[in-house]
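Please take a moment to look at the sequence and the model together before reading on. The paragraphs below go from the meeting of two chains to the parts of one of them.

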Amino acid sequence: MELLRDTNIDFMKYRKFWIIVSLVLVGIGLFAIFFHGKLNVGIDFAGGTQLNLQFRDKPEVDRLRSILAGVGLGDATIQRFGAEDENEALIRTRLVEGKTEGSRDVIVAALNKAYNADQPAGKVDVNGVGAESVAALLFAADPDNRKVQGEDAARAHYEDVAGKMMAKRRDVGLFTSWNDLSGVPGVSPQAVSALQQRATLGAFTVTGTENVGPQIGSELRKQGFWAVALSLLGMLVYIWIRFELRFGVGAIMACIHDVLVTLGLFALFGFEFNLTTIAAFLTLIGYSVNDTVVIFDRIRENMRKSRRKPLIDIMNESINQTLSRTILTGGSTLLALAALLWLGGDVIRGFAFVMLVGILVGTYSSIYVASPFALLWEQYFAVKGERRAAPARTDAEAQPVRR
Amino acid sequence: MKRNLLWRGLLILSIFAAAVAAAFPLDKKINLGLDLQGGMHLVLQVHTEDAVRAETDGDLGLMLQQAQKESLPVTGRRISDTAFEITGVTPESRDKISDLYDKYLQGGWDSDIRPDRATFTMKPQYVDQTRKLAVSQAKQTIWNRIDAFGVGEMTVQESSNNRIVIQLPGVDDPVRVRNLIKNTAFLEFRIVRNGPFPNRQAALASLGNPPSGDAEILPEDVRDKADASKILETVYWVVDKQRTVTGRDLKNARPSRGQLSEPIVEFSLNPQGAEKFADLTGNNIGKPLAIVLDGRIVSAPRINARIRDSGIIEGGFTEESAQDLSTVLRSGALPAAITYLEERTVGPSLGRDSVEKGLLAGLVGTALVVLYMLIIYNLSGLNAVLALALNIVLLFGGLAAFGAALTLPGIAGVILTIGMAVDANVLVFERIREELHAGRTVRSAIDLGYEKALSSIVDGNVTTLIAALFLFQFGTGPIRGFAVTLTIGLLASMFTAVFVSRWMFDLVLSRFRIQKLSI
């Protein structure tokens with residue numbers, strides 16, 4: 001199936017208009033990043049504590065908020081996440097001087113007080129501990145009468161039983177009642193009732209924690225910045241060597257445009273900006289430059305072919321020739337990303353969003369930003385160098401092609 | 001031409017076979033990152049200044065001890081983490097101090113010996129050495145502790161700035177592991193002078209006025225006999241400041257059970273420790289002996305007889321805490337305090353969730369791309385799909401060969417590679433179409449298509465590779481996984497989309513006379 005064939009669109013005709021549009025988009029992006037929505041900087045860079053929790057009953061965000069208001073960790077961000085029926089919540093607190101390391105324990109203690117008040121204190125919470133603790137409890141109780149076969153055999157047996165119980169917990173997230181344990185193969189009813197007597201089932205479990213201290217946060221910030229800055233520079237140099245400086249400049253302008261516009265939208269939508277997002281932005285940069293390079297490559301080829309043709313015409317011709325490829329590739333990547341966005345889950349969603357928006361913006365920019373800027377750079381330096389004050393067409397014509 | 005085809009085919013086949021051998025079975029060969037498998041990632045800061053200070057204290061003690069042997073009436077004090085001074089030096093004792101310096105301190109210390117005082121400053125390289133040693137000791141100690149806990153595969157690595165990075169896949173009780181690692185478990189035995197008192201003030205009052213300098217007050221938590229985790233009250237004891245026997249004198253420690261089958265810790269002492277312990281207990285029969293852990297009294301049993309080389313610690317342990325204390329005592333003390341700079345744990349259920357979602361997204365994404373290519377390019381699309389399949393196999397083979405872990409961002413990287421791998425095919429196919437429109441034969445259109453698209457493909461991939469390399473250089477953890485995936489994916493896609501896909505065209509063209517290309 002062939003979508004486009006022999007198109008002849010004058011992309012460069014309204015280049016000034018598109019440059020203004022691009023500048024406005026960048027302006028909106030900057031406004032969103034710094035003033036309006038502000039970037040939702042995650043704990044990777046800001047430092048702080050994040051807990052993923054799963055509850056027995058549906059957690060109420062307001063209740064969680066009021067519980068956490070009293071623990072002295074500042075404003076907590078509380079979100080529901082995951083599927084509606086999984087009763088999961090995410091708590092994030094900002095960095096509080098000197099308290100980062102302990103904040104997890106503070107939060108868990110506060111939640112315990114609120115949610116597990118009815119549970120007998122001091123007992124092991126089977127929803128909170130690991131297999132080894134459960135095995136030790138079972139070993140002490142010896143519900144299956146294995147100690148007659150010797151301590152080691154008994155220990156091995158109860159480690160096995162505890163392992164099976166924990167595997168079950170992995171499946172269900174947390175045990176809502178002791179009945180959840182009864183059906184597990186290899187676990188005897190005696191073992192369950194022994195646990196029931198000696199342990200409790202808490203109303204929530206911590207499925208994940210992240211704790212990032214201030215030092216690491218600032219280091220990751222620095223690393224992220226340098227990763228982006230240096231990869232931009234690296235690509236500029238590569239394009240400079242392979243093509244010409246003006247093309248390098250055009251490609252990097254397109255890139256910066258893409259990053260700022262996408263980042264702006266990202267801020268408007270309130271996604272969390274974290275390490276994964278940096279990866280997404282670097283990929284977006286790679287994609288955007290790739291897209292631009294394909295067009296520049298064609299421009300270079302056509303410049304060699306017809307040396308007398310004005311650069312602006314060559315650009316138009318090249319963009320038209322590669323248009324079908326630009327759209328087809330964008331389409332296939334968008335399909336893969338759409339799958340990621342809808343099915344990849346919460347953690348990957350921010351990533352997929354960046355790439356999705358980035359590919360749309362990147363495709364636009366390789367046509368309407370990169371080439372116009374390469375042309376603009378050309379004109380600007382031509383005027384500055386006080387060569388002929390001629391229009392771009394003749395100016396480009398006069399410019400010898402290096403390769 | 002035919003032979004050329006054969007060789008190319010064999011090369012492709014052997015690379016394919018190598019990738020399959022490296023990557024399959026997938027669940028055995030591909031490491032999942034902590035974010036997918038569940039587990040713990042910790043970054044610890046070792047406060048090496050503690051070790052440096054301890055070294056300074058130790059050498060100060062050594063000098064004073066030797067000076068005492070020579071009957072020199074000097075006193076000394078530490079003036080900073082890396083320096084101490086000896087005062088009371090007389091013109092007569094100056095040479096002797098100088099001799100002692102030559103004998104004991106010269107290697108690591110700079111000296112400034114004056115008529116009335118001597119100052120010793122640790123040499124910078126010795127400070128460095130002490131710090132490095134502290135980090136590697138801490139690493140070893142932590143390794144021993146986690147190993148005793150039985151976590152399975154783990155990595156404990158030293159990193160820059162006196163840090164230690166710990167990766168523990170599959171840990172199911174992160175809180176316990178975290179406390180185990182950080183546990184200082186500084187054990188000491190002190191003779192009790194007086195007590196217990198219900199509060200600190202009462203204990204302080206018993207010290208007299210002015211309070212005597214060789215005693216101090218330590219708290220004890222009195223626990224419920226039936227439930228060791230419940231603290232009933234806190235009482236205070238007055239104990240000797242002097243610590244003769246400490247955890248360093250231990251030979252072994254293990255959890256055991258007391259008379260009422262309550263959890264206790266049994267310990268035994270090494271020969272020097274036993275000597276000191278025998279003296280301590282022998283001279284204080286009838287007095288309570290405080291067993292102190294991290295500045296809190298665990299229990300204070302009465303000394304009934306002289307004890308030499310073993311004993312028990314009882315006093316409100318749970319099964320777990322007895323086990324953990326034994327582990328920590330056995331593994332030795334940490335040479336310096338540590339703090340957690342970064343801690344990430346992913347529960348196994350969260351990780352599994354991510355794997356399932358990532359897999360589903362991957363399968364659907366791949367299916368969509370395959371369908372897309374078949375619709376757009378018909379039979380040539382099949383060529384691209386085969387190249388893509390090989391690309392994915394190579395990608396996993398590469399991941400396995402480099403031992404790189406597949407992380408959640410890594411899965412995103414795989415999906416992205418799939419999306420972008422077809423870019424090379426699209427470039428070539430579009431070029432072939434152009435050449436066909438220009439009226440060329442199938443054979444020359446294919447040749448020219450690959451030839452002309454090559455520079456675009458290389459330039460595009462190299463620029464993305466540059467981004468991936470910087471990502472690898474600056475990224476940590478999951479991000480590195482992503483960079484590795486992307487790099488392998490890009491290299492693999494250049495190979496499959498240019499070399500393999502071309503070979504398939506050539507193969508078909510050599511067998512059939514094709515007048516019209518399905519593209």
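Which strand of chain B is joined to S7(A), and how many bridges join them? Strand S17 of chain B, residues 338-346, is joined to S7(A) by five bridges, and the two strands run antiparallel; strands count as paired when DSSP finds at least two bridges between them. Within this pairing, Glu210(A) has Arg344(B) as its bridge partner in S17(B). The model is a predicted one, in which local features need pLDDT of at least 70 and side-chain atom pairs count only at pLDDT 80 or more, while totals for chains, interfaces and linings use all residues. Residues are numbered from 1 along each chain as its sequence is written, and chains are lettered from A and ligands numbered from 1 in the order in which they are written. The element names refer to DSSP runs numbered from the N terminus, with helices (H or I) of at least four residues and strands (E) of at least two.

The meeting of the chains involves 66 residues of chain A in contact with 67 residues of chain B, where contact means that C-beta atoms, placed from the backbone, lie within 7 Å. Among the elements of chain A that give two or more residues to this side are strand S7 (204-212), helix H9 (214-242) and helix H13 (346-384).

Chain B is assigned domain 1 (2-38 + 348-511), domain 2 (48-125) and domain 3 (126-344), with bounds that come from an automatic or database domain assignment. The centres of domain 2 and domain 3 of chain B, taken over C-alpha atoms, are separated by 31 Å, and 11 residues of domain 2 are in contact with 12 residues of domain 3. On the side of domain 2 of chain B that touches domain 3, H4(B) gives the most, with five residues.

Chain B also holds an open sheet of four strands, in the order S2-S3-S5-S4, with antiparallel pairing. Its edge strands, each pairing on one side only, are S2 (75-80) and S4 (109-113) of chain B. Strands of a sheet pair through backbone hydrogen bonds, either parallel or antiparallel. Five bridges join S2(B) to strand S3 (residues 83-87) of chain B, and Thr75(B) stands opposite Thr87(B) in S3(B). H4(B) lies across S2, S3 and strand S5 (117-122) of chain B, running at about 165° to S2(B); such angles run from 0 to 180 degrees between the N-to-C directions of axes, which are lines fitted to C-alpha atoms, for helices over the stretch in contact.

Methods. Two residues are in contact if their C-beta atoms, placed from the backbone, lie within 7 Å.
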